[in-house]
Amino acid sequence: MKQHQTITSLPPSPEAERRARMIKYTIAMSIRVLCIFAMLFAQGWWLVVFAAGAVFLPYVAVVLANVSGPSRDTQVLRPGGILPVAPPAPGTGGPGDGATADAAPDDAGDHDDDHDDERGAA
């Protein structure tokens, strides 16, 4: 029996993955900026804690941003083969055969008569 592919079995799009990594990185770097700002007002061992956060958070931010999220399935299901469509039979009004649905059969002979009249009058 053929398995049905669902949208939830596909990996996230590159744009969605990039956006999620940017959000993680931005949050971690915002916390670093807060640590740097807090170093101005901290005293004692709090100064060491905020300094350590300011120094080590860039590394943590990069690692968190580059860690791939939980993968649902490592195997991506591929769609079935593409089957070619047979071209329409000639004279059935398909595209490219010159026949149009609006053209009446009587119009085809009138154009030849107009050219003969013009040649004869000249």
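These exercises, each with a worked solution, cover the predicted model of one protein chain.

Residues are numbered from 1 along each chain as its sequence is written. In this predicted model, local features need pLDDT of at least 70, side-chain atom pairs count only at pLDDT 80 or more, totals for chains, interfaces and linings use all residues, and side-chain values use heavy atoms, with hydrogens and water left out.

**Exercise 1. State how many helices and strands the protein chain has, and their order.**

Solution. Start with the terms: helices (H or I, at least four residues) and strands (E, at least two) are DSSP runs, numbered from the N terminus. The chain has three helices and zero strands. Read from the N terminus, the order is α-α-α.

**Exercise 2. Find where confidence is highest and where it is lowest.**

Solution. pLDDT is the predictor's confidence in each residue, from 0 to 100. Take the chain mean: 75, with 58% of residues at 70 or more. Then go by element. Helix 1 is highest, at a mean of 92. Helix 3 (residues 107–121) is lowest, at 53. Where pLDDT is low, the predicted coordinates should not be read in detail.

**Exercise 3. Check the lengths of helix 1 and helix 2 against expectation.**

Solution. The expected span is 1.5 Å times one less than the number of residues. Helix 1 has 26 residues, giving an expected 38 Å. Its first and last C-alpha atoms are 38 Å apart, close to that value. Helix 2 (residues 45–66) has 22 residues and should span 32 Å; its end C-alpha atoms lie 31 Å apart, which agrees. A kink of about 45 degrees sits at phenylalanine 56, shortly before proline 58.

**Exercise 4. Identify the buried residues of helix 1 and helix 2, and what packs against them.**

Solution. Buried means under 20% relative accessible area, exposed over 50%, and partly exposed in between (1.4 Å probe, protein chains only). Across the chain, 10% of the 122 residues are buried. In helix 1 they are Ala28, Met29, Cys35 and Ala38. Their cover includes helix 2. In helix 2 the buried residues are Gly53, Ala54, Leu57, Ala61 and Ala65. These pack against helix 1 (14–39).

**Exercise 5. Classify the pairing of phenylalanine 37 with phenylalanine 41.**

Solution. Rings of Phe, Tyr and Trp (its six-membered ring) pair if their centres lie within 6.5 Å; planes under 30 degrees apart count as stacked, over 60 as edge-to-face, the rest as tilted. The whole structure holds three aromatic pairs. For phenylalanine 37 and phenylalanine 41, the centres are 5.4 Å apart and the planes at 70 degrees, so this pair is edge-to-face. Phenylalanine 41 has 62% relative accessibility and therefore counts as exposed. Trp45, Trp46 and Phe50 form one aromatic cluster.

How values were computed:
The bend at a residue is the angle between axes fitted to the seven residues ending there and the seven starting there. Contact means heavy atoms within 4.5 Å.
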